Amino acid sequence: MKIFFKTNEEKYLADYMELVREFEPHVTEGSDGEDLILSMEEDGEQLTVIIACDYLPEKYYTITQKIDISRNKLAKIAQIKRISKVALYDVLKKISGVSLPYGSLTGIRPTKLFHDMKESGLDAERIFRDDLRVSEEKTSLVSEIVENQSSVYLKEEGVADVFVNIPICPTRCVYCSFISAEISKVKRFVPRYCELLREELKDCRKLVNDAGYKIRSVYVGGGTPTCIPDDEFESILSLCDFGQSEFTVEAGRPDTITDSKLKIMDKTGVTRISINPQSFNQSTLDAIGRRHTVEDIYRAYAEARRYSFDINTDLIAMLPGEGFDEFRHSVDEAIRLSPENITVHTLALKKGSVLKVGGYDNTSDELAAKMVDYARAAVGEAGYTPYYMYRQKYVSGNLENVGYAKIGKFCVYNVDIMEETTTIVANGAGGISKKFDLSLNLLERCANPKGLDVYLARGSEVPEKRRDFFIGKN
């Protein structure tokens, strides 16, 4: 049902509504008026949060907490938002009878918050568990990931990653909301896109040198970069040597992984590739628009294993038509193939996706939890350990996406992008460059034109804009 919510704190409304929406499937009573009204009052170091709710016996829920007014403005805002969201969570929990696994947290990077707390000398585990209402299990998962990241986690001036975006796919998956275009619809634009991208990469090299960045990872993503013609693919990868130790290509679709593509990636120094089944059930692949077979997955693995690439494979829990047995089969098959990384996603109904528009229901929390719990136990028993995570809006069971890897096989770029500790120089349509300020622990962003059509029209403007962002105007 719809929960009617109002607040006098409009600047926090989006954050509050993310939390409210998580509870709506669990609240059955209706109301003709406002269900919840949140207001706040500040008195020096004291913050009082008042929530009016007709469903509570006392009609009002009030908490008063001390805030540190000596901290900077951004830190103070974060405190206020956190305290008020916990109060809202407590009320929503009371009227629904439901506890969410991540409690009052709605952000996509729980591990980043955990890192920040630890670096400030705080007891992050206690705060997650007791103050933010995160479950014991999820607090333990976040803590384990943060500990595991110690071998690759880095905050250092002058270090950067390079991202290269090729937002083109063979087909569009029903859960996808990315800007990626189907190659059959944009084939005639591919040469011009690649031409602009090559020019951007050449400028990227000059920018990296002028700024004095040391590049530790290059990630070519999309989309499915391996769906473009071999000559265009090789011409782009050949411009991606920045002296990095890790070079990843998101090959993704098994049906695009050919021997010629593998030879090109091997020749240009690629160290990691993705082969992403999402499911090992043919009926599911057909339903989600993948247009490849289960046999293609096995073939792609066998061919890739003739080279020295580390391999990642993605699976998604709660896909249409799948129950626990189908998902368990996919997990077991992925483990049997023994890739270096296995990433387990929980389906998120994103705006603009076919599933979202079609009204697909992914709110079976118990099933979602059973799936991800099985995956964690099974991959753990097989020697994989969790090393990065992120969350999304509208995700099944209020859960998460977790990357598991064999020891020594963590993807540096995945950690950098999720923990937001590293400058990223982005190339291509939809790429977002990020400049990390170590002294402020803050990222600034500079976005490239988003859609393929807009990039084709304005891509030539990117180098100057990006140079101004990273170095400043001459």
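The structure holds 1 cavity of 30 Å³ or more. A cavity here is a set of points on a 1 Å grid over the protein atoms alone where a 1.4 Å probe fits but cannot get out. This is a predicted model: local features need pLDDT of at least 70, side-chain atom pairs count only at pLDDT 80 or more, and totals for chains, interfaces and linings use all residues. Residues are numbered from 1 along each chain as its sequence is written, and side-chain values use heavy atoms, with hydrogens and water left out.

**Cavity**
- About 100 Å³ of space lies in the largest cavity.
- Its lining residues (an atom within 4 Å of a point) include Glu-137, Lys-138, Val-344 and Tyr-404.
- The lining divides into 5 nonpolar, 1 polar and 5 charged residues.

**Salt bridges**
- The structure holds 34 salt bridges, each a side-chain nitrogen of Lys or Arg within 4 Å of a carboxyl oxygen of Asp or Glu.
- Arg-467 pairs with Asp-203, the closest N and O atoms being 3.9 Å apart.
- Arg-467 lies in helix α17 and Asp-203 in helix α7, so the pair ties together parts 264 residues apart in sequence.
- Both Arg-467 and Asp-203 are buried, meaning under 20% relative accessible area, with exposed over 50% and partly exposed in between (1.4 Å probe, protein chains only).
- A network of salt bridges links Glu-200, Asp-203, Asp-210, Arg-466 and Arg-467.
- Asp-230 and Lys-261 meet in a salt bridge at 2.6 Å, N to O.
- Asp-230 is partly exposed at 29% relative accessibility, whereas Lys-261 is buried at 5%.

Notes
1 Å grid on protein atoms, 1.4 Å probe; cavity = no way out; pocket = protein on both sides within 12 Å on 5 of 7 lines; lining within 4 Å. Points joined across faces, edges and corners; volume = space filled by probe spheres on them. Nonpolar A, V, L, I, M, F, W, Y, C, P; charged D, E, K, R; others polar. Helix = DSSP H or I, 4+ residues; strand = E, 2+ residues; numbered from the N terminus.
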